[in-house]
Amino acid sequence: MSRSRRLFITDKAMRLLLVSAASTSVLVVCLIFLFLFKEAGPFALSPGLGKLLGSQWIPVSFQEEHFGVGPLLSGSALVTALAMLVTVPISVLAAIYIAEIARPAEREVLKPFIEILASIPSVVLGFFGLLVVAPLIKTLFGLNTGLTALTGALLLSLMAIPTIISLSEDALVSVPYALKNASLALGASHLQTIFRVTLPAALPGIVAAVMLGIGRVIGETMAVLMVTGNSAILTASPLASVRTMTATIAAEMGEVPFGSVHYQALFWIGIILLVITFFLNIIAQRVLKKYGMMK
Amino acid sequence: MKKVALTLGLLLAAAITGCDSGPSQQSAPVQTLSIKGSDTMVHLVSSWTEEFMKAHADIDVSVTGGGSGTGIASLINGTTDICAASRGMKEKEQNMAKERNISPVEISVARDGIVMVVHPENPVNSLTIDQLRLIYTGKVTNWKEVGGSDTPILLLSRESSSGTFVFFQEHVLNKEDFSSSARLLAGTSALVQSVAADRGAIAYVGLGFAAEAKTSVKTLGVQGADQPNPVLPTEETVRSGAYAVSRPLFFYTNGTPTKTAQQFIDFCLSPAGQQIVRETGYVPVS
């Protein structure tokens with residue numbers, strides 16, 4: 001074999017190696033979708049997808065099993081919405097401070113702490129919720145138990161805050177100096193510039209940050225499993241107990257007989273979750289791209 | 001080049017299989033025995049295992065929980081040697097086993113009483129089975145309806161993967177569904193904790209756990225349908241069956257137990273094994 005030919009082959013091989021390494025994640029996503037549909041598939045034939053639309057989730061019963069994902073969807077939605085109500089104002093204000101007002105020394109202190117908050121394992125947060133937040137909610141609202149949707153939402157907001165702060169801060173920082181300087185030159189104060197110029201300019205990035213935060217929150221499992229009480233009821237009350245989709249999968253997947261209807265129903269919940277987070281991600285990326293904020 | 005890779009691969013495979021057999025100081029090959037299933041029984045089975053392995057250093061027993069349903073599923077999937085279950089196999093599960101050519105053999109190894117616990121300050125001392133059913137199906141929602149103070153009842157239950165959940169549903173709820181407002185908690189200790197903290201709470205736990213919780217919760221007497229008086233759960237009343245909410249604890253194996261599994265089961269049923277049953281808060285079968 002000539003030297004040039006050997007070089008050519010090595011080159012090809014290296015290229016192939018790099019391409020396959022880079023496309024692993026694409027492959028994995030496709031495989032996960034395939035696998036989920038393969039396991040969940042038979043449910044569509046019998047008992048039929050209509051079963052998923054019910055408002056009762058009673059997977060273990062001597063009477064009739066119900067696999068309505070209604071209460072689980074509403075549980076996840078309620079917890080996520082409450083978490084965002086708490087998270088978004090705090091995170092955006094924090095991001096504004098860090099990006100626009102804080103002195104470098106303050107930034108040096110704040111940023112590592114935010115990263116530490118992001119790295120706390122969710123099961124540890126769950127313990128914290130069970131022993132600190134739940135009793136607090138219980139006494140604060142005079143309830144007979146602190147295992148509520150609100151308790152779960154508060155823990156989730158602790159997890160979402162770092163994500164949203166970091167991404168919003170990126171968005172604020174990437175607003176061109178020319179815009180800010182023009183505003184200041186026209187006589188606007190620092191605060192006016194932040195709220196009238198920088199914040200609106202960074203808004204698409206912040207919206208994307210919130211969407212990614214929602215994606216993180218809706219997929220979170222351990223902490224909500226530990227503190228929300230897990231009753232599968234349709235409710236909009238923050239002080240009621242809810243059962244989220246993730247908690248349902250985590251609590252029930254271990255027990256189900258392989259291949260049973262219940263097993264397939266859990267995979268459908270997985271598909272629903274995946275589709276939700278998938279679209280949240282796509283929308284967030286679209287927003288970022290459209291406003292030229294993609295890095 | 002190919003040859004080198006092949007040799008390397010073989011060496012690697014040899015190294016891995018070598019590791020599998022563990023510390024190779026013993027001359028006898030190490031046998032393994034896996035036991036999986038009921039969370040209620042994990043404590044008991046681990047205690048048995050500990051004693052058993054002292055006498056049989058050559059047998060490596062691994063114990064995992066997850067719930068009776070998980071254990072039975074594993075037996076059906078052939079991923080465990082012994083399944084520990086705190087309930088009998090359901091018909092559905094038996095059919096599933098048949099489909100996969102698994103023939104489960106049932107061995108009763110101990111008895112357990114399911115104890116109703118409430119907050120220590122709750123004035124109610126006993127409930128009838130009927131009242132329990134009404135409470136857990138959501139038809140009775142305030143303690144004053146069953147002779148207590150005017151406090152809303154906080155229903156606590158195990159997750160549906162628990163054998164206790166299914167047993168309770170079958171024998172106390174008379175196969176009706178649990179009220180959807182019941183809070184489902186992941187483990188018995190979480191239940192005991194919540195009952196100790198919440199005035200209106202009621203939960204069901206194994207006899208062993210109630211004994212451990214002692215004064216932080218109050219144990220209720222239960223009056224069966226055909227009983228004149230409520231009966232408190234104790235070793236005698238659970239073994240005799242006078243206490244209405246009691247159950248046998250099982251081992252399941254696929255067909256006749258293997259020699260190793262049989263050795264273990266024999267140990268569990270021996271006087272020493274049954275003494276461990278008593279020490280862990282359950283009731284011996286013999």
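Here is a friendly set of questions and answers about the predicted model above.

This is a predicted model in which local features need pLDDT of at least 70 and side-chain atom pairs count only at pLDDT 80 or more, while totals for chains, interfaces and linings use all residues. Residues are numbered from 1 along each chain as its sequence is written, chains are lettered from A in the order in which they are written, and side-chain values use heavy atoms, with hydrogens and water left out.

User: How many helices and strands does chain A have?
Analyst: Helices (H or I, at least four residues) and strands (E, at least two) are DSSP runs, numbered from the N terminus. Along the sequence, chain A reads α-α-α-β-β-α-α-α-α-α-α-α-α-α. The totals are 12 helices and 2 strands.

User: What percentage of the residues of chain A count as buried?
Analyst: Buried means under 20% relative accessible area, exposed over 50%, and partly exposed in between (1.4 Å probe, protein chains only). Chain A has 295 residues, and the buried share of them is 44%.

User: What area do chain A and chain B bury between them?
Analyst: Contact means heavy atoms within 4.5 Å, and 30 residues of chain A are in contact with 30 residues of chain B. Buried area is the accessible area (1.4 Å probe) that two parts lose on being put together, summed over both. Carbon and sulfur atoms carry 53% of this area, and the whole comes to about 2,400 Å².

User: How many salt bridges are there between chain A and chain B?
Analyst: A salt bridge is a side-chain nitrogen of Lys or Arg within 4 Å of a carboxyl oxygen of Asp or Glu. Over all chains, the structure holds 19 salt bridges. One bridge joins A:R243 to B:E159 at 2.9 Å, N to O. Between chain A and chain B, the count is 3.

User: Which residue of chain A forms a salt bridge with B:K92?
Analyst: Side chains of opposite charge can pair when their charged atoms come close. Here the closest N and O atoms are 2.7 Å apart, and B:K92 pairs with A:E65. The pair crosses between chains, from helix 4 (residues 91-99) of chain B to the loop between strand 1 (57-58) and strand 2 (66-67) of chain A.

User: Is A:E39 buried or exposed?
Analyst: A:E39 forms a salt bridge with A:K38, with the closest N and O atoms 3.1 Å apart. A:K38 is exposed, because its relative accessible area is 59%. A:E39 has a relative accessible area of 12%, so A:E39 counts as buried.

User: How far apart are the closest N and O atoms of A:E106 and A:R103?
Analyst: A:E106 is partly exposed at 25% relative accessibility, and A:R103 is exposed at 56%. Their side chains form a salt bridge, and the closest N and O atoms are apart by 3.8 Å.

User: What is the phi of B:N101?
Analyst: Most residues other than glycine have a negative phi. B:N101 lies in the loop between helix 4 and strand 4 (104-118) of chain B, and is exposed at 71% relative accessibility. Although B:N101 is not a glycine, its phi is positive, at about 60°.

User: Where is B:K175 found?
Analyst: B:K175 is not a glycine, yet has a positive phi of about 70°. B:K175 is partly exposed, with a relative accessible area of 35%. Its place in chain B is the loop between helix 6 (163-171) and strand 7 (183-185).
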